[in-house]
Amino acid sequence: MTDTVTAPPETRRPDIAEARVRLSDREGFLAWIFLVPTVVYIVALVGVPFVLAIAYAFSDVTTGDPSYDWAGLTNFNRVFEDDVFWQSLQNTFVFTLVSMIFIVILGKVLANILVADFRGKWIVRFLVLLPWTTPVALSTLSWKWLLHSIYSPIDWTLHTAGLIGSDHVYWLGREPHALIAVIAVHVWRLVPLAAVIMMVGLLSIPKDMDEAARVDGAGYWRRMFEITIPLTFPLIAVAALFGAIFTFTDAAVVSVLTEGKPTNSTHVLASWSFQRGIDGGDVGQGAVIALFLFPMLLAAAVLILRAVRRMETL
Amino acid sequence: MSVAVEVKNLKKMYDGGSVNAVDGVDLATDEGEYLVLLGPSGCGKTTLLRTIAGLEQPTEGEVLIDGSVVNGLPPRVRKIAMVFQSYALYPHKTVLANIVFPLKAEKIDRAEREKKALWAADLLGIGHLTNRKPRQLSGGERQRVALARALVREPHVFLLDEPLSNLDAKLRASARDELKRFQQRVGTTTVYVTHDQAEAMGLGDRIAVMDHGRVRQVGHPVDVYDHPADTFVATFIGSPPMNLVKHDGTLVGFRPEHLLPDEIVRGERVMMPFHIERIEYLSGDRHVYGTVTGLGDETRVIARLPATVTVPLRADETYEFGCEMEQIRFFDADSGERSSPIRLGSGP
Amino acid sequence: MSAAPGIAAPEVSDQLRRHYARRHLIGRVSLYVVAIIAAFCCAAPFLWSAMTATKLNQDLYPTDNNPLIYNKAPTIDHIAYLFTDTDFPTFVWNTLWVGLAVVAITLVLGVPAAYSIARLGRRWSGPMGIAIFFVYLIPPSLLFLSLTRLVVWLGLQDSTWSLVVIYPTITVPVSTWLLIGFLKALPKDIEEQAMVDGYSRLGAFLRTVVPLLFPGMVAVVVFAFTLTASEYLYALSFISPTEEKVVSTGVSMELILGDVYKWQELQAASLLVAVPIAFVFNLFLARFISGFTMGAVKG
């Protein structure tokens, strides 16, 4: 038995021959116009300033006299003669390397905590994200207060426990304490970020691979080192590199925590560049100092790209 | 024969008791047997398998392997090996490293480990692939690596979770054959999960048909096919499924291959007028779709005529079809369970 | 080869089970211990801030007092002072509206750009995607001098608007990268269905993709806002007048009168900003993860 199908109401639809291709159909055009504003914006406000920064390094521009005059290598010479520059260059590398080690190890531990299931995990997640989500200037201020030369509760606790005498530990006023403090703040701030990135890696391991390893007899540590870490290695590398970049290019932590003290010994390239270029008004010198950030960043960029490529081949 | 794997009154509940994944299962395998857990998605077969493996803990009941209760013991001490649906090969390790991996937990030295791994690889015919990585292998080759990895620890039980599902349909038949031959050669007790009834019929020494967390029937494939315990088993096994016609409070069942034209059916039989709607030609058989009357309620049924039956048939016509009395099964219409035969009208 | 015996006799098997039950317990306890230590370490400065912000001066400053307890009753005076006697509300207001403006610009630029790269695959789409990511690696500490000159040239120095113009250089690259990830996770069928049903590519984009991308966009909004609120260097370089400052620079500069740090007010300010941001960020954590995964894995 077949039913007769009732015909739909009559509507006038254009014939195929009459169809026109409008601008909103042309994908090539759309692809281009969707992207152009962003590209123009980035080129204008990142590309151009980047080139300018290099140009300034060779100029005599100051905030008092903004006219551009070629100065050759004068700025470079002046910068190199200054001991603070070399100290800040060394600091930048030392802070970055030491921080990176701690960030990766502690970040991995924290990543494992973040993916685990336990009561109260929401509170732990919230507390653990605080260091990174807080504006850096403000979290650094909290540290400055925590390490205050007179009112630090750490001093009081150590003193009450009998571990130190009546003298206060001048955390931020002495080397090497100040250097350690800067590293501590960087590590504290960036471990959550590293943990979140590594968490992504942990979550992307298929569940049955971990189960197969369990059935195959691998205990916790063997699974960690033979299965989990090799499989998440690209993301561990990404986390390490992000951590390195943020530490390397940081100006905020040093500026707020120590202001470069004691006697400019805790400056990094970024903060010293700021002091010379903005506070001091010497744009040329500031540009030279900041320029030394570039080679490291280029290396980091290439390494990140390689890590991402490796992820895709797995 | 000694028992290899046994579960007693096994229950697994989720969500505080609202979901009964496994609802009271009692099963025991003979040593060296190939037992298939068959059922639709969500019937609890995979949960049951994972509980035997130790990847899940039962809410109630016991799991015994080789006569010892293993509840609470982690998978690695249960002397089992498992093959997952995705094979779960370690992508960053070579084939050889994959096979060697389980041996690292045992106290044997490196040379010994490699020897064993190569033995397993050769047994499965992949000795030439040991230096490749999983992504360079075909689906069938990956299955063999997974089996070699399972074999190398010489477990007492193999647990396989739908390992053929990820293969192309064409590959599945040959992979199935390989699996069966492998198991017969090695002789290890195997528990195998699948939703494909053809696979189950082809592979199993015995089949356990499961639905909603319970085992409906356990038996040899022929028994389960010929004497289903209830309508679920009757319609789940066999393709096309068994025809069921309601007759008062009873369901009368007969398989499509037993519904034949008048001229063919002999002996004690039940006849029914069969109005044909359409005919499909499949691999030499004719699948005839239509409705029967006279036996009970008017019901749509399927008849499967082999190529040797050449009686001419046309759509939109009614013919007399019959079924041998011996092949008819009876089920209670309410519970679906097998019931005693009843008197049906129509003689020879 | 070992003559495989049964696993164990019942008593040994019992022992084994208790052994494993104990190990499981130790594992759980270790997890909790490490989690608590981690949470404490991360929150310690803030816990200290919270305590001191609510302490009376007479409680806090005498060095004989135990700083870890309230020797006198807690007070909200300092918090109130923050709102009544300082420019803190102005800073917060500035941060808020700059944040929202920057987020809006980020979405307007980023969503189409991400769509272009993710869906309208041209030859240059792949390299363009990578290029955008690399831009993110050029830090403010390299560009701030030239940008300061640029801001002066645009006549925006000392105005909060300079931040609205410049901050997207920080948020757009990484937001586009995240959005590409979210887009790749959306099934193509729905757009293609819309196009077959009579919409142009643009129409399909507006009607199907944008609504489905909504959760991803919200995640990007939260992330971009966090980046904006946290920024310090540009805000410090471009703006000096107090009433134009944002929370980042205002709190660290303006609440300090010469050598006198109003510590309790500072800590209160820090907390009042930190907690809401962390709270909202936490809500969207799962969303970020999926975006990162898609963006990273699919390239």
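Predicted model: local features only at pLDDT ≥ 70, side-chain atom pairs only at ≥ 80, totals over all residues.
Residues are counted from 1 along each chain as its sequence is written, while chains get letters from A and ligands get numbers from 1 in the order in which they are written.

**View 1. Chain A, built from helices.** Chain A has 13 helices and zero strands; helices here are DSSP runs of H or I with at least four residues, strands are E runs of at least two, and both are numbered from the N terminus. The C-alpha trace spans about 105 × 65 × 35 Å along its principal axes. Buried residues come to 44% of the 314 in chain A. For that label, 20 or more other C-beta atoms must lie within 10 Å of the residue's own; 12 or fewer makes it exposed, anything in between is partly exposed, and C-beta atoms are placed from the backbone.

**View 2. Zooming in on A:A31.** This alanine sits in helix α1 (residues 27-57) of chain A. With 22 other C-beta atoms within 10 Å, A:A31 is buried. Leaving out residues up to four places away in sequence, A:A31 touches C:S116, C:L120 and C:R122; a contact means that the two C-beta atoms, placed from the backbone, lie within 7 Å.

**View 3. Where chain C meets chain A.** On the chain C side 76 residues are in contact with 78 residues of chain A. Helix α1 (residues 10-53) of chain C gives the most to that side, with 12 residues. Sorted by class, the chain C side has 52 nonpolar, 21 polar and three charged residues. Ala, Val, Leu, Ile, Met, Phe, Trp, Tyr, Cys and Pro go down as nonpolar, Asp, Glu, Lys and Arg as charged, and the others, Gly among them, as polar.

**View 4. Chain C by itself.** Here you'll find 15 helices and two strands. Chain C is more spread out than a compact globule, because its radius of gyration is 27 Å, well over the 19 Å that the globule rule gives for 299 residues. The C-alpha trace of chain C covers about 85 × 75 × 35 Å along its principal axes.

**View 5. Strand β7 in chain B.** Chain B holds eight helices and 18 strands. Five of the five residues of strand β7 (residues 157-161) are buried, so the strand is largely enclosed by the rest of the structure. B:V157, B:L159 and B:D161 point one way from β7(B), and B:F158 and B:L160 point the other way. In a regular strand, side chains alternate between the two faces of the sheet.

**View 6. The neighbours of β7(B).** Strand β6 (residues 80-83) of chain B pairs with β7(B) in the parallel sense over four bridges; pairing takes at least two bridges found by DSSP between the strands. B:V83 stands opposite B:L160. β7(B) also pairs with strand β8 (residues 189-194) of chain B, again in the parallel sense, over five bridges, and B:F158 has B:T190 as its bridge partner there.

How values were computed: Rg over C-alpha atoms; globule rule 2.2 N^0.38 Å.
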